Amino acid sequence: MTRILLVDDQSLVRVGFRTILETEPGFEVVGEAADGREAVAKAAQLRPDVICMDVQMPVLDGLAATREICDGDSGASVLMLTTFDRDDFLFEALRAGASGFLLKTAEPEHLIDAIHALARGDALLAPAVTRRVIERFATPDGTTALPEAVELDTLTERERETLMLLARGHSNGEIAERLYVGEATVKTHVSNVLMKLGIRDRIHAVIWAYEHGVVQAGTGSVPTVD
């Protein structure tokens, strides 16, 4: 079962999400929270797999709550849900450690798909949203690329190649074809890259690669992570 914590200051929204999610086999809504402070406490208590987190809430907002949860040891993946399609929310959520970003206007099946993705350990961003992320982090208006990080020295040659292809938006299958290895081997390389670089998931690997100059704008296609 995928254990889910719902966090939103509007009870009607929580009821609506619970109704949608509890119809999906393998999902269990284990708790609800009405503000960020309560979310942090329940994440530690209930140990959910996925947290559906609102952005704007009283006491402690969703961005601050996500930062505390991701800095802790709950192991939960956070899916940010908001009615505001704003870049500042998106970038701050990713920096806080969120693994997905979805508008509340999305279709119910998109919410279900997003939770499945996060439960598998993947990241979830719509291609259009990912394009905005990469454009922000790969241009002078975004985060300035740093010299090669010392963490790169811990990667094998194959793991570096995997990181570069990952940052250019290739799927595991496409990476396998380019490196002439099986998809299981690629999954191992990806897991090793995330572990050695201390990165939560694929979308943060993309951001890390652009921030640290592993790949640069214009060197490949703009990634889509889904």
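**Basis of the model**

Helices (H or I, at least four residues) and strands (E, at least two) are DSSP runs, numbered from the N terminus. This is a predicted model, in which local features need pLDDT of at least 70 and side-chain atom pairs count only at pLDDT 80 or more, while totals for chains, interfaces and linings use all residues. Residues are numbered from 1 along each chain as its sequence is written, and side-chain values use heavy atoms, with hydrogens and water left out.

A cavity is a set of points, on a 1 Å grid over the protein atoms alone, where a 1.4 Å probe fits but cannot get out; lining residues have an atom within 4 Å of a point. The count comes to one cavity of 30 Å³ or more, a volume being the space filled by probe spheres set on the points. The largest cavity has a volume of about 30 Å³.

Its lining consists of Leu-6, Val-7, Asp-8, Arg-14, Phe-17, Cys-52, Met-53, Asp-54 and Leu-81. At least two lining residues come from each of strand E1 (2-7), helix H1 (11-21) and strand E3 (50-54), and E3 gives the most, with three residues. By class, the lining of the largest cavity has six nonpolar, no polar and three charged residues (Ala, Val, Leu, Ile, Met, Phe, Trp, Tyr, Cys and Pro count as nonpolar, Asp, Glu, Lys and Arg as charged, and the others, Gly among them, as polar).

**Contact of H7 with H8**

In H7 (residues 157-167), Arg-158, Glu-161, Thr-162, Leu-165 and Leu-166 meet Ile-175, Arg-178 and Leu-179 in H8 (residues 172-179), contact meaning heavy atoms within 4.5 Å. By class, this contact has four nonpolar, one polar and three charged residues.

Terms used: Axes are lines fitted to C-alpha atoms, for helices over the stretch in contact, and angles run from 0 to 180 degrees between N-to-C directions. On a 1 Å grid over the protein atoms alone, a cavity is a set of points where a 1.4 Å probe fits but cannot get out, and a pocket is an open set with protein on both sides within 12 Å along at least five of seven lines; lining residues have an atom within 4 Å of a point.
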